[in-house]
Amino acid sequence: MKNEIAVYNQLLLLEINDILHQLRENVYQFDAGLELFDLVDMVRTSQLYQMNELKHKRLSFFFDGPEQAPIYQNKVAVRLLLHNISSNMVHYTIENSELEISLEMVDNVAHLTFKNVTQHHHIQTILESNTSPFIGPNATQDYSYSSGNGIYLIKDLANFLHGTCDYQIEGEHVVTRLVIPNEEKRDED
């Protein structure tokens with residue numbers, strides 16, 4: 001178990017360092033940094049970095065989508081967006097439950113749906129965060145680090161990518177619907 005935690009922590013630090021490096025390299029061109037990458041690979045990688053918590057909470061992860069989904073988009077922003085959504089899913093879901101992610105490309109637009117079960121007291125925070133940024137949630141012992149502003153950041157990143165992100169509550173499930181357009185490659189004139 002200690003080896004798994006060490007490997008997980010090393011992978012997470014590498015991911016964070018890679019994101020910070022890309023941000024530093026592209027700080028003045030952040031909104032123009034379109035590149036082609038595989039969205040399926042990025043979705044799976046975002047869950048890989050949550051592996052320690054997935055095992056700890058005994059969570060099952062299911063992905064439904066194509067084998068590949070090439071997309072032109074800002075890779076750094078998409079990576080940050082998926083990391084935040086995945087982190088929220090894993091941290092706020094209940095033990096011994098399932099995390100579901102589906103991806104469908106429709107008319108050159110990526111439609112991602114994330115679904116997880118959460119505790120009732122988190123549903124109210126999600127509903128408030130969904131409509132009003134910068135809330136101050138009630139701190140709980142298990143989630144005292146939370147600012148309650150993650151949904152606002154996620155929606156802002158989706159907007160930055162010319163997409164949308166909406167949260168809905170369906171029973172005990174939190175359903176996150178993310179739409180990201182496949183931007184056309186711009187000429188480098």
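Q: Before we start, what do you mean by buried and exposed?
A: Buried means under 20% relative accessible area, exposed means over 50%, and partly exposed is in between. Also keep in mind that this is a predicted model.

Q: Then is H162 buried or exposed?
A: H162 has 56% relative accessibility, so it counts as exposed.

Q: Where does H162 sit?
A: H162 is in the loop between α6 and β6, and β6 spans 164-170.

Q: What about its backbone: what is the phi of H162?
A: Phi is near 65° for H162. That is a positive value in a residue other than glycine.

Q: Which other spot has a positive phi like that?
A: R58 is one, with phi near 55°. R58 is not a glycine either.

Q: And where is R58?
A: In the loop between α3 (51-56) and β2 (60-64).

Q: How does R58 count for accessibility?
A: As partly exposed, because its relative accessibility is 48%.

Q: Let's zoom out. How many helices and strands are in the chain?
A: The chain has 6 helices and 7 strands. From the N terminus, the order is α-β-α-α-β-β-α-β-β-α-α-β-β.

Q: How many residues are there, and what share is buried?
A: There are 189 residues in the chain, and 38% of them are buried.

Q: What share of the contacts links residues 24 or more positions apart?
A: Counting contacts with a separation of 6 or more, the share is 72%.

Q: Back to α6. Which residues in α6 are buried?
A: Helix α6 covers residues 150-160, and I151, I154, L157 and A158 are buried in it. These four span an arc of only 125° around the axis, which puts them on the same side of α6.

Q: Why would residues spaced like that point the same way?
A: An α-helix has 3.6 residues a turn, so residues three or four places apart point the same way.

Q: Pick one. What puts L157 in the buried class?
A: L157 has 11% relative accessibility, so it counts as buried.

Q: What does L157 touch?
A: Leaving out residues up to four places away in sequence, L157 touches A77, L80, L81 and N84. As for L82, its C-alpha is 9.8 Å from that of L157, while the two are 75 residues apart in sequence.

Q: How do α4 and α6 pack?
A: Helix α4 runs over residues 75-92. Its axis is 10 Å from that of α6, at an angle of about 150°. The two are therefore roughly antiparallel. The crossing is left-handed.

Q: Which residues make the contact?
A: On α4, they are A77, L80, L81, N84, I85 and N88. On α6, they are G150, L153, I154, L157, A158 and F160. By class, that contact has 9 nonpolar, 3 polar and no charged residues.

Q: What about α2 and α4: at what angle do they cross?
A: Roughly 40°, with the axes coming within 9 Å. That makes α2, residues 39-48, oblique to α4. This crossing is right-handed.

Q: Which residues meet there?
A: L39, M42, V43, S46 and Q47 of α2 meet K75, V78, R79, L82, H83, S86 and V90 of α4. The classes are 6 nonpolar, 4 polar and 2 charged.

How values were computed: Residues numbered from 1 in each chain as written. Predicted model: local features only at pLDDT ≥ 70, side-chain atom pairs only at ≥ 80, totals over all residues. Heavy atoms only, no water. Buried < 20%, exposed > 50% of the residue type's maximum accessible area, 1.4 Å probe, protein only. Arc of directions from axis to C-beta. Axes fitted to C-alpha atoms, helices over the stretch in contact; angles between N-to-C directions. Parallel < 35°, antiparallel > 145°, perpendicular 65-115°, else oblique. Left-handed = near helix turned anticlockwise from the far one by under 90°. Contact = heavy atoms within 4.5 Å. Nonpolar A, V, L, I, M, F, W, Y, C, P; charged D, E, K, R; others polar.
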